[in-house]
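Me: I would like to learn how to read the features of this structure. Please take them one at a time.

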Amino acid sequence: MSQTNRLNTGGRIDRSRVVTFTFDGKSYSGFAGDTLASALLANGVRLVGRSFKYHRPRGIVTAGAEEPNALIQLGVGARTEPNTRATQIEIYDGLVSESQNRWPSLTFDIGAINSLIHRFIPAGFYYKTFMWPAKAWLFYEKFIRNAAGLGKGPTAPDPDRYDKLYHTCDVLVVGAGPAGLAAALAAGRTGARVVLADEQSELGGSLLSESSATVNGQAASAWIADALRELGALHDVKLLPRTTAFAYYDHNAMSLVERLTDHLGPTDGKPRQRLWRIRAKKIILATGAIERPLVYLDNDRPGCMTVSAVRTYVNRYGVMPGRRVVLMTNNDSAYRVALDLANAGVTVPVIVDLRAEVTGPLAKAVREKGIEILAGHAIAKVHGEQGVKEVEVARLSDDGKSVTGSARRISCDCVGTSGGWQPTVHLHSQTRSKVKWDDALNGFVPGDTIPGQNFVSIGGAHGVFDLAACLTEGHVAGTTGALEAGNGGNAGSAPTADAAAEEQPQRPLWIVPGEKPVGQGGKHFIDYQNDVTAGDVMLAHREGYRSVEHLKRYTTMGMATDQGKTSNVNALAIMAGLRNVDIPSVGITTYRPPYTPVTFGVFAGRDKEDFLEPIRKTPMHVWHEDHGAKFEPVGQWHRAWYYPKPGESMHDAVNREVKAVRTSVGIVDASTLGKIDVQGPDAAWFLDMVYTNAWSKLGVGKCRYGFMCGEDGMVFDDGVTSRIAENHFHMTTTTGGAPRVMAWLEEWHQCEWPDKKVYFTSVTEQWAVIAIGGPMARKLLGEVCTDIPLDDASFPHLSFKEGTVAGVPARVFRITFTGDLSYEINVPPSYGLHVWRAFMQAGEKYGITPYGTEGLHVLRAEKGYVIVGQDTDGTVTPQDLGMDWIVSKAKPDFIGRRSMLRSDTKRPDRKHLVGLLTEDPKVVVPDGAQIVEHLKDRPPMTMLGHVTSSYWSPNMERSIAMGLVKNGRNRMGQTLYACWENNRVKMKVTEPKFFDPEGARVNG
Amino acid sequence: MVEAYQRRSALAHFGLNALASQKADGAGITLGESAHRAIINIRGDAKDPAFTAAVKNATGCDLPAAANTVATAGDVRILWLGPDEWWVVGTDARRAGLIDGLRSAFAGQHTNVTDVSESRTVITMTGPAARDVLARGISLDLHPRAFGPGQCAQTSLSRTNVLLHQTDNAPSYEIYVLKSFADYLWRWIGLIAEDFGMAVKAE
């Protein structure tokens, strides 16, 4: 019969809905509302995994996000997910789960040999053993990596869909326990915009595990239902169950992940998870607290868990975590649980209390139930390799450092322990707000809030556990938060509960002594997930790793997916004891996001494949697509790269395109060029300052090429700028540099010369640009444009005219980037395609050839025209490029001038741009090949520079290249070597001009 | 002069009229393109009464002084872009008249008039799910208490620079976007709208 450990009544599960799932290939059933952990326990499954290092058999320790042990490989195929916590997985029909870190099976695991040789693999073992000699790590690493890690990642792409969005609210409440619910109710009633998020499937927090608590005089469960009904009816309140607030960023921004369908199993079509990026005016952290297990001998036997986990399984899930449950505690919380167990019919043979004396109403009630209390005692040993069978209980010495007398053996199948509570301060701490030690609580509580963030911690999250106090705090925080955000509505009255009976103080005993001294037989585990024991902390102390950060890295304590939720304070306290200092002096490690692991998919959302990055398209893009263009990304633009005809290789296509420009006419889409409209009486003055050459005297209707340099005198952009009117210029920039140039102009105007009367407006997309070039360009333009005289005298090189092209108003610039007679026709983009087609149609008889960016680059390289960013790299002056003529000697100042006067900038042997011709004209060296004068057998060799541009030139019928070479201009005619990989190619240094060096062709 | 049919909007390749004829019951948003608007960038000193008067004279519309607001007069509206920068938006037919009117009204002042009409198109979005769709790509708070009709903002929508203008409480929005990004942005909205249902408005 399945579900042998399910109670007949009780719990919040839906007994009418049986759910079937598998664990390690075996089929089990549970009820809707179960977690995988509660369902496994209901079926009497205690052994759920093997530990990371020693492969020790492990069971379920907790009932929540803090679970260090029960890490499960969930799902199959592309959807498989490692290291999921069984305590947080809601079961659904067909769920497939497997244990991790065992081979060949969970009960018989070869790796468990590590447990036998544990003496030889103590903390720091890897650091000590595999780091010398340093080189050998590369050899060791592949074996160690293979043995490391728990679950297995999927190998196929994630088939699921993820959603993400931004949200803004007045009050964000994290945690829907009593404090959080009360806060949300108060804030919501005022009319505030509220988000209430909780990582669990049901809102209610700790109240869901309560058996007898009452709020407003009614059962807690009834109050929760009323509260949720009321919140649900408030229009501006959003309830987010199954949502983990995992990261708290600056300016009160919180990231949360909502699990939409994980509890339903794989669902096609709907988003699986949703990332919420919420900015809230006020954040209320009602994240509760996590119970610390006690550190006792062999405390990792399956069946050992926290007292609060026992309580949750019994009360919330109607599951007996064992038939006979021994409890050990240093505080009062075990007593309430003992009563719940007794009421559920579970035998509690004994409560072992570390405190010498136990008094008070709870103890009295427990004794009345016939449960024995052993005060001043400890569990000295746990028996049962694959599950608890028996404990040995012995009397504690007065100082609590050892046990005395003969041990009493008590048979049991579950041990619940409580070492007190640690407030869940993770989100508080992520803001870099400090935590402080609380002596009464024996835990860290939130300290002052760091300036710039606006949040408050309430309830268990700041060490307040009394229900009535939590409700009041929640109400106050909700009301205040809403008011601060500008909502002064009526928050109603605070929910009430009976004040709890006073509790007896706890006894901090960070190591519960066992039958043998710590580290000498058996293990006192602190961090289950990383197999860190009290002995390891002692070893770290002996070896000098005593600060918290050293302790963490030396022992790996607090690392991995649970981030030490159950273990940090125990480890710190033990170290404090060894160092004989108080706990705060040891310090605490930094909490970092995420609180619990978050899948990569939800961060990506829809930002993948075609939507990874915006794609910018020109007005003629559809034509390029229709004509088989291959595209090249240039920034976010997709530019036509080349247009292969059927059967053509890229090489063939580019050669054909390049030849066509030199022999008849080519057409290229240049719309992506940056364009900036510069207007104002100081426009010419401003250009004089940002360009190296002179602009004031440029005639209206004329164009000029210019370099912009940084203050360092290095070229950072180039382009042709034209004078439209006396105080009006049309500036062009490189495609990729447009936003940078715009920002540059604004920066200088706004910060340095705000009194200058000039305005800049980006007009990059106000114009579609079609460039036609080649011997037939003038003739072709004359057929498509009839109102502009095109003869050299009327329309010379480097000038512009306004007119009508294909019936469309246009600005026509006679400028060239190919060296041939060329016109750049600027038309409104809505007519771009029309004008392009008009040229294609009229040009057909001339064999008009569309060419792409690759052809353009070859053409300009034949002429030795540079591309900023390819032939320059931010360390190149105009002089280095051999373009001294473009730097004004007459202007009193311009940006970069002062740096050009520096001795290093004027040095004659800087790297210069030169032409490089291979000895064998058929060889095209790759861009980036290193230039070397004196070859050696192997590197290192003295490198003089590198090849910046290299192409096959169909017009020269040979390869051509340019490069930056040290002292290059003084090496004309010299033979150097281009080196890449195993290739060594002789190249001759030449002028960087290959085709039409006298520049006759611009005249057609 | 060129025939009007040769003029193409930035989203013409999607064939919006054909899409508009498809059934889309219960669509959370209706998407359309308002192409070929006059968009004129003006610069000037909002504190200079001569400048504000000139704007009013040329457009019939007051210059909005408050940040991120829109003033409307007849078929002309003025959108606040920055402390010294606005867009005058009108129909295509009014483009030349507005530009000439502004230039002559500004004569003698240090101001600026730049036609940017052709650089942008406008994607219109209306429907009960409009805020849900925009929340997937805009980090601004668009809750009715924070952003309503008559307000505008320059922001990033799925990494695309846009100017967002809310026109009514449906809610309806006009999204001004550079034409080169329009294809991407339309497809992105379509992708997000899978969860909300989308109808297309005819041109």
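**Reading the model**

Reply: Of the 1004 residues of chain A, 53% count as buried. A residue is buried if 20 or more other C-beta atoms lie within 10 Å of its own, exposed if 12 or fewer, and partly exposed in between, with C-beta atoms placed from the backbone. This is a predicted model: local features need pLDDT of at least 70, side-chain atom pairs count only at pLDDT 80 or more, and totals for chains, interfaces and linings use all residues. Residues are numbered from 1 along each chain as its sequence is written, while chains are lettered from A and ligands numbered from 1 in the order in which they are written.

Me: What does the model score in ipTM and pTM, and what pLDDT does chain B average?
Reply: The ipTM is 0.97 and the pTM is 0.94. pLDDT is the predictor's confidence in each residue, from 0 to 100. Chain B averages 96, and 100% of its residues score at least 70.

Me: How many helices and strands does chain A have?
Reply: Helices (H or I, at least four residues) and strands (E, at least two) are DSSP runs, numbered from the N terminus. Chain A has 25 helices and 49 strands. Its C-alpha atoms fill a box of roughly 115 × 75 × 55 Å along the principal axes.

Me: What share of the contacts in chain A with a separation of 6 or more comes from residues 24 or more positions apart?
Reply: Two residues are in contact if their C-beta atoms, placed from the backbone, lie within 7 Å. In chain A, that share is 66%.

Me: How many residues of helix H7 of chain A are buried?
Reply: Nine of the nine residues of H7(A), 307-315, are buried. Among them are Arg311(A), Tyr313(A) and Asn315(A). The buried residues pack against helices H1 (36-42) and H8 (333-344), and against strands S16 (289-291), S17 (304-306), S18 (325-329) and S24 (414-418) of chain A.

Me: And what covers the buried residues of H23(A)?
Reply: In helix H23 (residues 853-863) of chain A, nine of eleven residues are buried, including Leu856(A), Leu859(A) and Lys863(A). The cover includes strands S31 (630-634), S32 (637-642), S46 (943-953) and S47 (958-966) of chain A, along with H18 and S33. Just after H23(A), Gly864(A) takes a positive phi of about 80°.

Me: In what order do the six strands of the open sheet in chain A stand?
Reply: Strands of a sheet pair through backbone hydrogen bonds, either parallel or antiparallel. Two strands count as paired if DSSP finds at least two bridges between them. Here the order is S40-S41-S42-S39-S33-S43 (chain A), with mixed pairing. S40 (799-805) and S43 (849-850) of chain A stand at the edges with a single partner strand each, so one side of each is left without a neighbour in the sheet. S39 (768-773) and S42 (822-827) of chain A pair in the antiparallel sense over six bridges. Ile825(A) in S42(A) is the bridge partner of Ile770(A).

Me: Which strands does helix H18 of chain A lie across?
Reply: Axes are lines fitted to C-alpha atoms, for helices over the stretch in contact, and angles run from 0 to 180 degrees between N-to-C directions. H18(A), residues 650-663, lies across S33 (666-669), S39 and S43 of chain A. H18(A) runs at about 115° to S33(A).

Me: What is the order of the open sheet of five strands?
Reply: The order is S35-S36-S37-S34-S38 (chain A), and the pairing is antiparallel. Neighbouring strands of this sheet are turned by 30° against each other on average, direction ignored. Four bridges join S36 (715-725) to S37 (728-733) of chain A. His728(A) in S37(A) is the bridge partner of Ala725(A). H19(A) packs on the sheet, touching S34 (674-679), S35, S36 and S37 of chain A, at about 135° to S34(A). Helix H20 (738-752) of chain A lies across S34, S35, S36, S37 and S38, at about 20° to S34(A).

Me: Is Phe686(A) buried or exposed?
Reply: Phe686(A) sits in helix H19 (683-690) of chain A. Phe686(A) is buried, with 21 other C-beta atoms within 10 Å. Leaving aside neighbours within four places in sequence, Phe686(A) contacts Val678(A), Lys756(A) and Val758(A).

Me: How many residues does each chain give to the contact?
Reply: Chain B gives 34 residues and chain A gives 33. H5(B) gives the most to the side of chain B that touches chain A, with eight residues.
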